[in-house]
Amino acid sequence: MDVATVARRARTENFPVASLLFPRRLRPHLRAVYGFARLVDMLGDEVQGDRLAALDELEGEVEACYSGTPTWPVMCVLQPTIREFSLPREPFLRLIEANRMDQRISEYETWDDLREYCRHSADPVGRLVLGLLRLDRESELVAASDDVCTGLQLVNFLQDVPRDLDLGRIYLPAEDRRRFGVTVLDRPTPELREALEYEAARARALLAGGRLLQARIGGRVGRAVGLFARGGLAALEALERAGWDIFTQRPRPSRTRLALAAFAR
């Protein structure tokens, strides 16, 4: 798959259900940000050939959004959003750097090491959403957003252990695997289940930041932002209901469950 094909696919990707609760005027801008996030992940995971070169090319497109004219369709859509909301370069560049890390690093020794990866791979998305709400200078909100985004990333890691292993990556910290005696990741074991439950508790604690975000932002937009965290909690519940079976399916909450969560207070 070449870069152009990936860019076209990212342009048509569905964006999260929570975004439907945002004011209509903001939804195209959310699509633009989400399209970029999907594009950078697809370049890091799916492009055949030199992925680092593809990511370098994308970084050039980011620079063109600020000082010139981008050429990729996803970036052409993104540029007006960057200009209207004065979004900084750093979150976009951090997302690119996370995918560079994926090309160089196959596993992480400690939770602190993995948390640093999430500061690149996950937290920038929340900061960009706050930027669209013009709340990205509120330090308490930024900290809560970072926690929620890292929590969501950790949930994805738990759901995707087999997929990530196929990609040559392990996102369960080595120190935690040793703690529970995990020696294999390609089949269910009691030790792996214990490790998954341990990481799930960590994710729940991080996702608790969603309550602060919802309360501080308030109204329908607050519920929309809070829904990102509740979606992560619902995914953890689905994993638990499935007995932590991540091999025969990818447990996830139903659309009905997410819809109910959207209107929870």
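This is a predicted model: local features need pLDDT of at least 70, side-chain atom pairs count only at pLDDT 80 or more; totals for chains, interfaces and linings use all residues.
A cavity is a set of grid points where a 1.4 Å probe fits but cannot get out. The largest cavity holds about 50 Å³ of space. Its lining is formed by Phe157, Val161, Asp164, Arg169, Ile170, Tyr171, Leu172 and Leu185. By class, six of these lining residues are nonpolar, none is polar and two are charged.

The volume of the second largest pocket is about 250 Å³. The residues that line this pocket are Pro88, Glu90, Pro91, Arg94, Arg115, Arg119, Asp123, Arg127, Asp136, Val142 and Asp146. Two or more lining residues are contributed by each of helix 5, helix 6 (111-121), helix 7 and helix 8 (139-159). Helix 5 provides the largest share of the lining, namely three residues. In composition, the lining of the second largest pocket comprises eight charged and three nonpolar residues, with no polar residue.

Two packed helices are described by the angle between their axes and the distance between the axes. The axes of helix 5 (residues 89-104) and helix 7 (residues 123-132) come within 9 Å of each other, and they cross at roughly 160°. Because angles over 145 degrees count as roughly antiparallel, helix 5 is roughly antiparallel to helix 7. The crossing of helix 5 with helix 7 is left-handed. On the helix 5 side, Pro91, Phe92, Arg94 and Leu95 take part in the contact, where they meet Pro124, Val125 and Leu128 of helix 7. This contact of helix 5 with helix 7 contains six nonpolar residues, one charged residue and no polar residue.

The axes of helix 5 and helix 6 come within 7 Å, with a crossing angle of roughly 135°. At that angle, helix 5 is therefore oblique to helix 6. Arg94, Leu95, Glu97, Ala98, Met101 and Asp102 of helix 5 are in contact with Tyr117, Arg119, His120 and Ser121 of helix 6. The contact of helix 5 with helix 6 divides into four nonpolar, two polar and four charged residues.

Helix 3 (residues 51-67) and helix 4 (residues 73-85) have axes that come within 9 Å and cross at roughly 45°. This angle makes helix 3 oblique to helix 4. The crossing of helix 3 with helix 4 is right-handed. From helix 3, the contact involves Leu58, Glu61, Val62, Ala64, Cys65 and Tyr66, while helix 4 contributes Met75, Gln79, Ile82 and Arg83. Seven nonpolar residues, one polar residue and two charged residues make up the contact of helix 3 with helix 4.

Definitions and conventions:
Residues are numbered from 1 along each chain as its sequence is written. Side-chain values use heavy atoms; hydrogens and water are left out. Axes are lines fitted to C-alpha atoms, for helices over the stretch in contact, and angles run from 0 to 180 degrees between N-to-C directions. Helices (H or I, at least four residues) and strands (E, at least two) are DSSP runs, numbered from the N terminus. Angles under 35 degrees count as roughly parallel, over 145 as roughly antiparallel, 65 to 115 as roughly perpendicular and the rest as oblique. A crossing is left-handed if the near helix is turned anticlockwise from the far one by less than a right angle, and right-handed if clockwise. Contact means heavy atoms within 4.5 Å. Ala, Val, Leu, Ile, Met, Phe, Trp, Tyr, Cys and Pro count as nonpolar, Asp, Glu, Lys and Arg as charged, and the others, Gly among them, as polar. On a 1 Å grid over the protein atoms alone, a cavity is a set of points where a 1.4 Å probe fits but cannot get out, and a pocket is an open set with protein on both sides within 12 Å along at least five of seven lines; lining residues have an atom within 4 Å of a point. Grid points are joined across faces, edges and corners, and a volume is the space filled by probe spheres set on the points.
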